[in-house]
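Here is a walk through a single protein chain, meant for someone who has not seen it before. Please keep the structure open while reading.

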Amino acid sequence: MRVPVGYVWADSPLHRARAGAKLAGLIVCSLAAALSSGLVLAALCLLACALVALSRVGWRRALRPVWAMRWLLLAVLLMNALLFSRVDAVLELGPLALTPVGAAQGVRVAARVALVGVLGALLTATTRPQELVGGVRSLLRPLSALGVPTEAAALAVGVTLQFVPTLLREGRQLARAQEIRCGHVASHDIMRRTVNYVRLLVPVFVAAFRRADELSVAMEARGYQVAPPCDKGSRKGGSV
């Protein structure tokens, strides 16, 4: 059986929960994290830790997005600590001023970003791609009465979930090919490293456009059409 990319096989309450409910929970927790601070933000972090333990996906898998964003989080922390305020500055250096208020603000912003990353990792690790597409469709279904193309949105989510792992795999293959030809992409100075990464971006974008064109041709050949919200009969026969 083919394992979905990012999905972790396990038997936990989070795996058995409905995808729509998990999506709604992610949205609510993200909004709460963005609008709250202090005790509420700490409670959300404790909730995320409890969900990681409950999901049985492992701390390494759940914290992978945080590790990938470590330099961004560090930059956010430093920018807030040095630029947020000049009141009660501990250290001043020209336009920069290190303050306790700025450091606290940086910690809050970094915690919010890390929290959303962990919750998003839990969602993809406990939900199969086809279930996630169904969850998006169920959440957007009430908007179909207003003329919102919910089927197109669900289709876009499904295509994205399939494209991203494929493009990442092709990027790794191109990086290995470049290593064979001229060494590791990150083994040179900063300018040479930038040139190497730009060389990787061009074929990755070309591959993305090629795969998108192949997908559109395949869908047209199968007669796929996004059914309008009010046409229930055509929706039954024209969806995938």
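The model is predicted.

Two packed helices are described by the angle between their axes and the distance between the axes. On the α2 side the contact is made by A19, G20, L23 and A24. On the α8 side it is made by E131, L132, G135, V136, S138 and L139. Sorted by class, the residues of this contact between α2 and α8 are 6 nonpolar, 3 polar and 1 charged.

From α2, the residues K22, L23, L26, C29, S30, A33 and A34 take part. They meet R112, L115, V116, L119, G120, L123 and T126 in α7. The contact of α2 with α7 comprises 9 nonpolar, 3 polar and 2 charged residues. L23 of α2 is listed in the contact with α8 and also in the contact with α7.

Next come the annotated spans. An unreviewed UniProt entry gives the annotation "transmembrane region" to residues 23–54 and 66–85. In the model, residues 23–54 are 91% helix and 0% strand, with end C-alpha atoms 17 Å apart. Residues 66–85 are 85% helix and 0% strand, and the end C-alpha atoms of that span are 26 Å apart.

The last stop is an open space in the protein. Rolling a probe the size of a water molecule over the atoms shows where empty space is left. The second largest pocket holds about 230 Å³ of space. Its lining is made of 10 residues, and G171, R172, A175, L200 and V204 are those nearest the pocket centre. Two elements, α9 (150–182) and α10 (190–221), each give two or more residues to this lining. The most comes from α9, with 5 residues. By class, the lining of the second largest pocket contains 8 nonpolar, 1 polar and 1 charged residues.

Methods
Residues are numbered from 1 along each chain as its sequence is written. This is a predicted model: local features need pLDDT of at least 70, side-chain atom pairs count only at pLDDT 80 or more; totals for chains, interfaces and linings use all residues. Side-chain values use heavy atoms; hydrogens and water are left out. Contact means heavy atoms within 4.5 Å. Helices (H or I, at least four residues) and strands (E, at least two) are DSSP runs, numbered from the N terminus. Ala, Val, Leu, Ile, Met, Phe, Trp, Tyr, Cys and Pro count as nonpolar, Asp, Glu, Lys and Arg as charged, and the others, Gly among them, as polar. On a 1 Å grid over the protein atoms alone, a cavity is a set of points where a 1.4 Å probe fits but cannot get out, and a pocket is an open set with protein on both sides within 12 Å along at least five of seven lines; lining residues have an atom within 4 Å of a point. Grid points are joined across faces, edges and corners, and a volume is the space filled by probe spheres set on the points. UniProt positions are given in the numbering used here, feature names are shortened, and annotations may be inferred rather than shown by experiment.
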